[in-house]
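Here is a walk through one protein model, taken a piece at a time.

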Amino acid sequence: MANPTVQVESLKQVLAAHSAPAADALALAEPDGAVRCVACGHRCLVKPGREGVCRVRFNDGGQLRVPQGYVAALACDPIEKKPFFHVLPGAEVLTFGMLGCDYHCGYCQNWLTSQSVRDPKAMAGVREVSAERIVELAIEHGAGAVASSYNEPLITAEWAVEIFRLAGKAGLRRLFVSNGNATPEVLDYLRPHLDAYKVDLKTFDERRYRELGGVLGNVTRTIRDLKDRGVWVEIVTLIVPGFSDDRDDLRRMADFLAETDPHMPWHVTAFHPDYKMTDGFRRTTVDDLLGVVEIARNAGLRFVYAGNLPGRVNGGEETACPRCGATVIRRRGFTVLENRLGAGGRCPDCGGAVPGVWS
């Protein structure tokens with residue numbers, strides 16, 4: 001059996017060979033050769049020879065080095081799988097991912113890539129590829145967008161921007177699928193190259209967030225900052241029984257989202273046991289999800305979606321016009337069954353505008 005320590009060290013050597021200097025905006029010089037990394041909310045002070053919390057951004061002789069030139073996962077999927085329900089319905093999106101994360105969620109469904117630099121059981125492979133080739137593949141597969149996902153894209157922001165610059169010139173939309181542990185600096189860096197951002201708002205309990213390696217306040221600030229910068233935002237919350245299903249927390253979360261923007265879509269999705277949370281945790285039921293949908297609608301949110309239980313959530317996958325209530329998009333799981341939206345996202349029945357990125 002291979003030595004786990006050797007495996008991790010070998011992977012670090014591979015990643016060091018696939019790295020480049022950090023963007024100046026995300027690496028602030030500190031005394032004695034240290035660098036303050038501002039790519040995520042941890043704002044790590046990285047001393048020479050050391051790594052940040054993510055373990056993929058590291059200080060080499062006073063220079064912050066960051067991932068570049070590879071993928072650990074690459075796939076063309078329905079955009080609804082990200083999930084984005086108000087961005088190019090029915091489109092394909094070429095999704096790329098690297099390695100590493102600034103969180104350590106015990107239920108991560110992408111743990112093979114996100115936890116590979118801290119968990120020897122999660123050894124994902126690395127494949128060299130250029131930004132140009134990723135955009136070419138998106139075009140070859142008829143995708144309408146490219147997305148950075150599978151690991152935490154904030155910690156590989158420079159690579160995403162390199163791809164997004166080319167994708168924008170090719171007429172593709174550019175998407176981030178993230179935990180939202182951002183900083184104002186990284187959002188300013190991303191903004192010229194970004195069309196939509198999915199934030200994974202995991203819970204509204206500070207203690208639970210700390211268990212995952214995050215800070216709730218960083219994520220709520222990110223959501224507000226994205227809205228202030230004019231980025232289209234959709235929110236996802238995985239409803240984990242016994243972890244993120246407290247009704248009072250969910251009411252406070254719904255109130256926060258409604259106060260920020262009542263038209264911002266909120267996806268509440270069903271959990272299945274995975275990674276380190278397989279024993280003692282049950283699957284989310286239909287009733288669990290529909291209870292959260294009711295909380296959200298009572299708070300004034302106009303677009304609430306119940307996910308991961310296709311065809312079983314009493315219309316919870318459909319988009320309705322906020323003016324007249326007519327169904328304008330019907331879905332089952334990741335499949336769009338019918339899209340009645342007119343030009344510019346207008347309801348065909350009343351002419352009301354449905355907010356989103358439709359073209």
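Predicted model: local features only at pLDDT ≥ 70, side-chain atom pairs only at ≥ 80, totals over all residues.

Start at the second largest pocket, which has 15 residues in its lining. Sorted by class, its lining has seven nonpolar, five polar and three charged residues.

Now move over to the largest pocket, with about 1000 Å³ of space in it. Its lining takes in 39 residues, and nearest the centre you'll find Lys 82, Gln 109, Asn 110, Lys 198 and Asp 200. Of the lining residues, 16 are nonpolar, 14 polar and nine charged. Which strands supply at least two residues each to this lining? They are β8 (73–78), β12 (173–178), β13 (196–200), β14 (232–239), β15 (266–270) and β16 (304–307). β16 gives the most, with three residues.

The peptide bond that runs from Lys 82 to Pro 83 is cis, and its omega is near -10 degrees. You can find Pro 83 in the loop between β8 and β9. For background, most peptide bonds are trans, and most residues other than glycine have a negative phi.

Arg 43 isn't a glycine, yet its phi is positive, at about 50 degrees. Arg 43 sits in the loop between β3 and β4. Is Arg 43 buried or partly exposed? With a relative accessible area of 31%, Arg 43 is partly exposed. Asn 314 is another residue other than glycine with a positive phi, here near 55 degrees. The loop between β16 and β17 (319–320) is where Asn 314 lies, and at 71% relative accessibility Asn 314 counts as exposed.

Go back to β3 and β4 for a moment, as they belong to an open sheet. Three strands make up this sheet, in the order β2-β3-β4, with antiparallel pairing. At the edges are β2 (27–29) and β4 (45–46), each of which pairs on one side only. Strand β3 (residues 35–37) is joined to β4 by two bridges in the antiparallel sense. To see one of the pairs, find Val 35, whose bridge partner in β4 is Val 46.

What is a cavity search looking for? Rolling a probe the size of a water molecule over the atoms shows where empty space is left. The structure holds two cavities of 30 Å³ or more.

Next, find strand β11 (residues 145–148), which is covered on both faces. Ala 145 and Ala 147 are buried on one side, while Val 146 and Ser 148 are buried on the other. β11 runs parallel to strand β9 (residues 92–97), and four bridges join the two. β11 also runs parallel to β12, again with four bridges. Ser 148 makes a handy landmark here: it is the bridge partner in β11 of Phe 96, and its own partner in β12 is Phe 176. Follow the chain from β11 through helix α4 (residues 157–169) to β12 and you trace a right-handed β-α-β unit.

Finally, step back and take in the whole chain. It has nine helices and 19 strands. Its radius of gyration is 20 Å, close to the 21 Å that the globule rule gives for 359 residues, so the chain is as compact as a globular protein of that length. Along the principal axes, the C-alpha atoms fill a box of roughly 60 × 45 × 40 Å. Buried residues account for 56% of the 359.

Definitions and conventions:
Residues numbered from 1 in each chain as written. Heavy atoms only, no water. 1 Å grid on protein atoms, 1.4 Å probe; cavity = no way out; pocket = protein on both sides within 12 Å on 5 of 7 lines; lining within 4 Å. Points joined across faces, edges and corners; volume = space filled by probe spheres on them. Nonpolar A, V, L, I, M, F, W, Y, C, P; charged D, E, K, R; others polar. Buried < 20%, exposed > 50% of the residue type's maximum accessible area, 1.4 Å probe, protein only. Pairing = 2+ DSSP bridges. Right-handed = clockwise from strand over helix to strand, strands pointing away. Rg over C-alpha atoms; globule rule 2.2 N^0.38 Å.
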